[in-house]
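Subject: Structure handover

Hello,

Here is the structure I said I would pass on. Please open it beside this email and follow along; my notes come after it.

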Amino acid sequence: MARLSVPVSILDRANNREGFSEADALSAVLQRAEMADRLGYRRFWVAEHHAVAGIAGSTPAVLMAALAGRTGSIRIGSGGVMLPNHQPLVVAEQAATLQALYPGRIDLGLGRSVGFTPAVRAALQAGPAEAEQFEEQLGQLLAYLNGTAPITARPRDSGRTPVFVLATGAGVEIAARAGLGVVLGGPALFRRNSAGQTGALERYRSAFRPSDRFPRPYVLAAVNVAVADSEEKARELLLPEAHAMADSRTKGVFPALSRAEGAAALSARQQDLVRATLATSVYGTAGQVHGRLEELAASSGSDELLVTGGAFDIEGQRESDRLLASLF
């Protein structure tokens, strides 16, 4: 079997699992990163979610420091830090400090989302108005890192840290204007225009302005992936998170992952949501996944694949990571 034509990375959201503590969830992230480092994955990223019952990952910078200290060569990053929740200078200082400690290994992925509920947004003192200021905040952060602002983030970064934008809402246009890498996932990654192109990515490429960080457009395609010795087993790995996502959209709570309940226990709306999640996921045997990922990379013109999706079955997830690594 030919090797995948693009590099592969991992985004781990630090899912909680029923029957395990939140400390166990964070420990599992560290162990997964260590294995990803040994297997040759390019990047290992973590995310920011506040007061979500099913996710232990709330502070990317802290978790990134632990991950970088436990790994040797894999790039460590955020996918992403939600900039409206923070002062740009503080985020720049965190990234610059990590880059100084682990030179050439730190990525900074940024998003414009705010808290999931009114109570979380109130606690963070950030809401829709702050999200609308994302492009201005991003410009400030880049100036602090580049050393072109009235003050310079310390340690001095001098523009060494690659910066990516999560393409939610106007994210693709903002990334293009700033000359930054972009991360696109979900239904938008699979949606094609009349010319058979990924519309969001074509807008990004056509509006892209070269920068010192990225002389040309750079796209990470984020997609849920599971690999097993049968298509059914791979699908089962993805079901717990698909069910949790359906819960979040129908009940307002994203719960800890549990062993997948039968479809009969779900409402018709939840079953539709699970099917929609699986429709934009890639799962199956190594051969099946290889073909589907190659097709996705080619049709989207992506430079890199960012594997997402959490499994309740930790050993199953490890085997999936191992099988996927055998493809590159």
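This is a predicted model: local features need pLDDT of at least 70, side-chain atom pairs count only at pLDDT 80 or more; totals for chains, interfaces and linings use all residues.

Within α7, the residues Gly171, Val172, Ile174, Ala175 and Ala176 are buried. Among the elements that cover them are α6, β5, β6 (181-185) and α9.

Two packed helices are described by the angle between their axes and the distance between the axes. For α7 (residues 171-178) and α9 (residues 199-207), the angle is about 20° and the axes are 8 Å apart. An angle under 35 degrees counts as roughly parallel, and α7 and α9 are therefore roughly parallel to each other. The crossing in which α7 passes α9 is right-handed. On the α7 side the contact is made by Val172, Glu173, Ala175, Ala176 and Arg177, and on the α9 side by Ala200, Arg203, Tyr204 and Ala207. Sorted by class, this contact has 6 nonpolar and 3 charged residues, and no polar ones.

Gly196 counts as partly exposed because its relative accessibility is 42%. Gly196 and Ser299 are 103 residues apart in sequence, while their C-alpha atoms are 8.1 Å apart in space.

As with the previous pair, I looked at the handedness: α3 passes α6 in a right-handed crossing. From α3, the residues in contact are Pro88, Leu89, Val91, Ala92 and Ala96, and from α6 they are Gln137, Gln140, Leu141, Tyr144 and Leu145. The contact of α3 with α6 divides into 8 nonpolar and 2 polar residues, with no charged ones.

The next pair is α10 and α11 (residues 268-279). Their axes come within 8 Å and cross at roughly 130°, which makes α10 oblique to α11. The crossing is right-handed. Residues of α10 in this contact include Arg235, Leu238, Leu239, Ala242 and His243, and those of α11 include Arg269, Gln270, Leu273 and Val274. By class, the contact of α10 with α11 holds 8 nonpolar, 4 polar and 5 charged residues.

Glu241

Is Glu241 buried or exposed? Glu241 has a relative accessible area of 8%, so this residue is buried. Glu241 is part of helix α10 (residues 231-251). Leaving out residues up to four places away in sequence, Glu241 touches Arg13, Asn15, Asn224, Phe254, Leu257, Gly309 and Gly310. For Gly310 there is also a distance to note: its backbone nitrogen lies 3.1 Å from a polar atom of the Glu241 side chain.

Backbone points to check

Most residues other than glycine have a negative phi, and most peptide bonds are trans. The places below depart from one or the other.

- Ala14 has a positive phi, near 60°. Ala14 sits in the loop between β1 (8-12) and α1 (22-39) and is buried, because its relative accessible area is 1%.
- Gln125 also has a positive phi, of about 55°, although it is not a glycine. Gln125 is in the loop between α4 (118-124) and α5 (128-131). With a relative accessible area of 69%, Gln125 is exposed.
- The peptide bond from Gly79 to Gly80 is cis, with omega near 10°. Gly80 lies in strand β3 (residues 75-82).
- Another cis peptide bond runs from Arg154 to Pro155, with omega near 0°. Pro155 lies in the loop between α6 (134-146) and β5 (163-166).

Where would I begin if I were reading this for the first time?

Regards

Methods
Residues are numbered from 1 along each chain as its sequence is written. Side-chain values use heavy atoms; hydrogens and water are left out. Axes are lines fitted to C-alpha atoms, for helices over the stretch in contact, and angles run from 0 to 180 degrees between N-to-C directions. Helices (H or I, at least four residues) and strands (E, at least two) are DSSP runs, numbered from the N terminus. Angles under 35 degrees count as roughly parallel, over 145 as roughly antiparallel, 65 to 115 as roughly perpendicular and the rest as oblique. A crossing is left-handed if the near helix is turned anticlockwise from the far one by less than a right angle, and right-handed if clockwise. Contact means heavy atoms within 4.5 Å. Ala, Val, Leu, Ile, Met, Phe, Trp, Tyr, Cys and Pro count as nonpolar, Asp, Glu, Lys and Arg as charged, and the others, Gly among them, as polar. Buried means under 20% relative accessible area, exposed over 50%, partly exposed in between (1.4 Å probe, protein chains only). A polar contact is a pair of N or O atoms within 3.5 Å; within protein, one must be able to donate a hydrogen and the other to accept it, and residues adjacent in sequence count only if both atoms are side-chain atoms.
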